[in-house]
Amino acid sequence: MKKNKKEKTENRKKLSFSSFLGNNRVIMIASIIIAFVLWIWVAIEKSPEVQQVITGVPVNIALENSIPEQLGLQIFGESEHTIDVTVTGKKYILSSIDRDDITVEAITNYVDSPGIKTLQLRVSPSNGSDDFVISSVSATYIEVFFDTYKEIEMALQPNISSELETLVPENCLLGDTVFSKGTVIISGPATEINRITGVTATASVNSVLQKTTTVDPELKIITNDGASLEYSVINTGDTDITMTIPVLQVVTLPTAIEFRNAPSYFIGNPLSYSVSPSSVQVAIPIDSLETTNYFTVYTVDFADIINSYNTYNIDVSSINSFKIMDDSVKSFRITINASSFDAKTVTVPASRITLKNNRADFAATLDNNRDIAVTLVGPQADIDAITADDVAIEVDTADKVITGDTQSLQGTVIVSGGYNCWATGKYDFKVTVRALE
């Protein structure tokens with residue numbers, strides 16, 4: 001009986017295995033698995049080696065702590081280089097290889113002077129990988145320009161380019177050009193910078209200029225040998241440089257003077273004066289003709305006028321307004337007639353000498369404990385009536401440039417009470433300043 005059970009069990013196992021072998025789906029799945037395993041094995045163990053070209057592999061030029069860096073040399077011009085690298089290895093490995101798996105280094109050990117240097121290239125698998133080998137490269141060296149950095153500041157030289165026979169209307173001329181910024185910074189390799197002799201700013205004019213015109217000039221570096229520079233650049237700052245070309249018209253204007261710090265009465269009733277010569281030929285901006293009635297020779301401060309005849313000789317070279325066209329005029333003689341006025345000296349007490357300080361960047365203290373004698377000039381009735389109580393002195397720091405702990409600042413004499421008087425002379429006071437944090 002037991003024997004029969006054993007035989008039945010064995011027969012059942014044989015039948016089950018036979019059924020498994022007879023199942024086509026099972027056999028198909030098994031075949032696929034076996035075939036995949038064999039394919040993987042062949043691909044890894046029996047796959048032939050192939051070659052592949054990796055394009056655009058970047059060249060690393062490491063300058064940190066290098067010999068060129070220690071000598072103050074840096075790269076100018078093209079600093080990014082690439083090469084093509086051919087690699088050999090198993091096909092399944094090369095299928096995943098890219099530029100990051102290859103390192104190309106430029107050897108800078110022999111760069112010890114300025115100039116174009118030939119750098120040998122060292123090509124190797126990144127991280128020391130031995131899954132593939134470098135078969136060939138498209139270049140074994142690169143050329144790089146090394147030099148020390150230098151910059152200089154140079155003034156612009158104006159230049160006007162035109163094919164016109166005349167640039168301005170009849171009876172007009174060109175004034176001196178004006179730049180929004182007169183200098184530029186040029187930077188680059190020292191060997192190039194040392195060849196620079198100037199910078200021109202050229203404005204192209206294609207039609208007659210009817211008025212003062214502002215243009216964007218073309219800047220060009222001039223060298224001692226006339227050759228262009230490859231690596232040097234012009235730095236104009238935060239804004240572009242403009243070039244203003246004044247168009248001037250020659251006219252004859254009466255000469256005059258202006259007054260500064262005049263009492264209110266004398267603003268509407270100026271002092272009597274004369275200027276010799278009484279007129280002069282000048283060149284003024286053509287667009288200012290309608291608003292220009294006279295030629296200002298000099299500005300006279302009332303503090304310089306005494307009760308007498310005041311004379312000034314003004315050299316034409318000190319006048320920076322309009323261009324004087326008459327070469328025979330070398331100077332102007334000014335005479336101010338204040339002889340009809342009286343003078344008087346009053347003593348201003350120290351208590352009426354005050355400091356006006358509205359500055360937020362420093363604190364100021366007036367160093368004065370003495371009375372000051374002030375000379376006043378004006379009509380006789382006002383001079384007779386005015387007293388020291390009508391006079392004060394104020395030292396204002398608002399518009400002063402403070403350069404040290406103690407400064408000598410000029411005080412302003414203030415006349416109150418409606419008197420038509422002014423103070424002559426200069427009155428300076430010491431002011432102690434302390435910068436505020």
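Strand E29 gives the lining of the largest pocket its largest share, four residues. The model here is a predicted one. E29 covers residues 412-415. Two other elements, helix H6 (264-268) and strand E30 (422-424), also supply at least two residues each to that lining.

The largest pocket has a volume of about 590 Å³. Its lining counts 26 residues, and those closest to the centre are Asn261, Asp301, Thr412, Val413 and Ile414. By class, the lining of the largest pocket holds 14 nonpolar, seven polar and five charged residues.

Now turn to the second largest pocket. Its volume is about 270 Å³. Lining residues number 15 here, with Gly175, Asp176, Leu248, Ser321 and Lys323 closest to the centre. Eight residues of this second lining are nonpolar, four are polar and three are charged.

Strand pairing comes next. Strand E16 spans residues 247-260, and strand E18 spans residues 279-285. The two run antiparallel and are joined by seven bridges.

Look for Val282, which stands opposite Ile324 of E21.

Notes
Residues are numbered from 1 along each chain as its sequence is written. This is a predicted model: local features need pLDDT of at least 70, side-chain atom pairs count only at pLDDT 80 or more; totals for chains, interfaces and linings use all residues. Side-chain values use heavy atoms; hydrogens and water are left out. Two strands pair if DSSP finds at least two bridges between them. On a 1 Å grid over the protein atoms alone, a cavity is a set of points where a 1.4 Å probe fits but cannot get out, and a pocket is an open set with protein on both sides within 12 Å along at least five of seven lines; lining residues have an atom within 4 Å of a point. Grid points are joined across faces, edges and corners, and a volume is the space filled by probe spheres set on the points. Ala, Val, Leu, Ile, Met, Phe, Trp, Tyr, Cys and Pro count as nonpolar, Asp, Glu, Lys and Arg as charged, and the others, Gly among them, as polar.
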